[in-house]
Amino acid sequence: MSPPQGRAEATRAQILDAALAQFSTYGFARTSMSRIAHASTVSRTSLYKHFRTKEDVFSALSERINGEVLAAVRAAACEPGPAEERLPAVMDAWVGWAFELLQRSPHGRELIDEKNRLCADTSADANARFESLVTALLADGIVDESSATRLAPILISAVKGLVLTEDVARDMRPKVRELVEVFVRGVRSASG
């Protein structure tokens, strides 16, 4: 007899919460299914009913984070106000999880690399949806639609580059905001 769906979902969430803490503390390589089971206070048998491998746990965690990030991005995009005011908030929501992971864990870069390795398809899908949203924001009064399609990946790459090359410090978010604001002023100036 299987547990009620609500209980299974609660156990799965408990496992993923514990897994995030374990991956943040020990990194991907040193986190084991035993550590995840112990931290989540579920038996190893129960853990293996939900996830076959550590990679499966990590992929599910990545999927959950992608969903949370996309929800935060959509919320920022739907705020009232002109697109140039919403765009920095959208970028902040998109890279916020990376800021937090890189600040919280000495293994942040390793975890981002593992996400890119193990979850390439899921990440590509989330990135495509994000790019569509940024394109729509750029086309909402900043530049024409054709320019928006061309410029969205450039802006996204610039923000990614800033996150990956800078030391993650408390002042990273203002740097992202400034980069987006300078970008918007530049493209408006160039098209005007």
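Reply: Let us begin with how a pocket is defined: on a 1 Å grid over the protein atoms alone, a pocket is an open set of points with protein on both sides within 12 Å along at least five of seven lines, whereas a cavity is a set of points where a 1.4 Å probe fits but cannot get out, and lining residues have an atom within 4 Å of a point. Grid points are joined across faces, edges and corners, and a volume is the space filled by probe spheres set on the points. In this structure, the second largest pocket has a volume of about 250 Å³. Its lining has 13 residues, and those closest to its centre are Ile65, Glu68, Val69, Trp97 and Glu100.

Me: What should I know about the model and its numbering?

Reply: This is a predicted model, in which local features need pLDDT of at least 70 and side-chain atom pairs count only at pLDDT 80 or more, while totals for chains, interfaces and linings use all residues. Residues are numbered from 1 along each chain as its sequence is written, and side-chain values use heavy atoms, with hydrogens and water left out.

Me: Which element gives the most to the lining of the second largest pocket?

Reply: Helices are DSSP runs (H or I, at least four residues), numbered from the N terminus. Here α5 gives the most, with 6 residues.

Me: How much space lies in the largest pocket?

Reply: About 370 Å³ lies there, and among its 16 lining residues the closest to the centre are Trp94, Trp97, Lys115, Asn127 and Lys160. The largest share of this lining, 4 residues, again comes from α5.

Me: How many cavities of 30 Å³ or more does the whole structure have?

Reply: The search finds 1, with about 130 Å³ of space in the largest cavity. Its lining includes Leu20, Phe23, Trp97 and Lys115, and α4 (54-77) gives the most to that lining, with 4 residues.

Me: Is His107 buried or exposed?

Reply: Buried means under 20% relative accessible area, exposed over 50%, and partly exposed in between, with a 1.4 Å probe and protein chains only. His107 has a relative accessible area of 18%, so this residue is buried. His107 is found in the loop between α5 (83-104) and α6 (108-118).

Me: Which residues does His107 touch?

Reply: Contact means heavy atoms within 4.5 Å. Leaving out residues up to four places away in sequence, His107 touches Phe23, Ser24, Thr25, Tyr26 and Gly27, and the side chain of His107 reaches the backbone oxygen of Thr25 at 3.2 Å.

Note on methods:
Helices (H or I, at least four residues) and strands (E, at least two) are DSSP runs, numbered from the N terminus. A polar contact is a pair of N or O atoms within 3.5 Å; within protein, one must be able to donate a hydrogen and the other to accept it, and residues adjacent in sequence count only if both atoms are side-chain atoms.
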